[in-house]
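Subject: Structure handover

Hello,

My notes on it follow.

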Amino acid sequence: MKTDIQRGLVLRNEKCHEHYTTEFLYNLYSSEGKGIFDCRINVLGHLQQGGAPTPFDRNYGTKLGVKAVLWMSEKLQAAYRKGRVFANSGDSACVIGLRKKVVAFSPVTELKKVTDFEHRLPQEQWWLNLRLMLKMLANYQISLTEYISGKMEHVTRRTLSIEKGF
């Protein structure tokens, strides 16, 4: 840590050892760091906010874990030169997740630009545009003109035809 390395990662399983808890490892690294580096704890289970994971959750988590490890291996191989790792590009710290139905790695520097840190939410939430439609589907007293701006095209029998494929 006294050299050019800027970040490190320690992964720990909750069942790895009864004495080597997350708190113990945090205290160990914090005391040994002595101003050279700092430590933080991030227990991913706290982010889940749900009940017991379903088999789908476990399967999907395994797939994401495999993709993350493969990605880290590729990055390490690409950044390894002359016995040292040079991971100082913007995409060396990423978050894995879904983006438009595709598993993607988003650099933390990009996520910082679109995140509301005070409320811990994205600045732009795509689903907010669907609220009026959801109210209509839930039989709220709301006009369709509030949802769709501009001219409404009326449906006629000529436009609905089985022969023409609707």
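K100 sits in the loop that links strand 3 to strand 4 (102–107). This is a predicted model, in which local features need pLDDT of at least 70, side-chain atom pairs count only at pLDDT 80 or more, and totals for chains, interfaces and linings use all residues. Residues are numbered from 1 along each chain as its sequence is written, and side-chain values use heavy atoms, with hydrogens and water left out.

Backbone

K100 is not a glycine, yet its phi is positive, at about 55 degrees. Most residues other than glycine have a negative phi. K100 counts as exposed, at 77% relative accessibility; the classes are buried under 20% relative accessible area, exposed over 50% and partly exposed in between, with a 1.4 Å probe and protein chains only.

R120 is another non-glycine residue with a positive phi, here about 60 degrees. R120 is found in the loop between strand 5 (115–116) and strand 6 (121–122). With a relative accessible area of 69%, R120 is exposed.

Salt bridge

The count of salt bridges is one, where the rule asks for a side-chain nitrogen of Lys or Arg within 4 Å of a carboxyl oxygen of Asp or Glu. The partners are D91 and K75, whose closest N and O atoms are 2.5 Å apart. D91 belongs to the loop between strand 2 (84–85) and strand 3 (94–99), and K75 to helix 3 (residues 55–79), so the pair ties together parts that are 16 residues apart in sequence. D91 is partly exposed at 30% relative accessibility, and K75 is also partly exposed, with a relative accessible area of 29%.

Whole chain

The protein chain has six helices and six strands. Both are DSSP runs numbered from the N terminus: helices are H or I with at least four residues, strands are E with at least two. Along the sequence the order is α-α-α-β-β-β-β-α-β-β-α-α.

What percentage of the 166 residues in the protein chain is buried? Buried residues make up 7%. The accessible surface of the protein chain is about 15,600 Å², and carbon and sulfur atoms hold 56% of that surface; the areas come from the Shrake-Rupley method with a 1.4 Å probe, and for residues only the protein chains shown count as cover.

Of the contacts (heavy atoms within 4.5 Å) in the protein chain between residues at least 6 apart in sequence, 23% join residues at least 24 apart.

Regards
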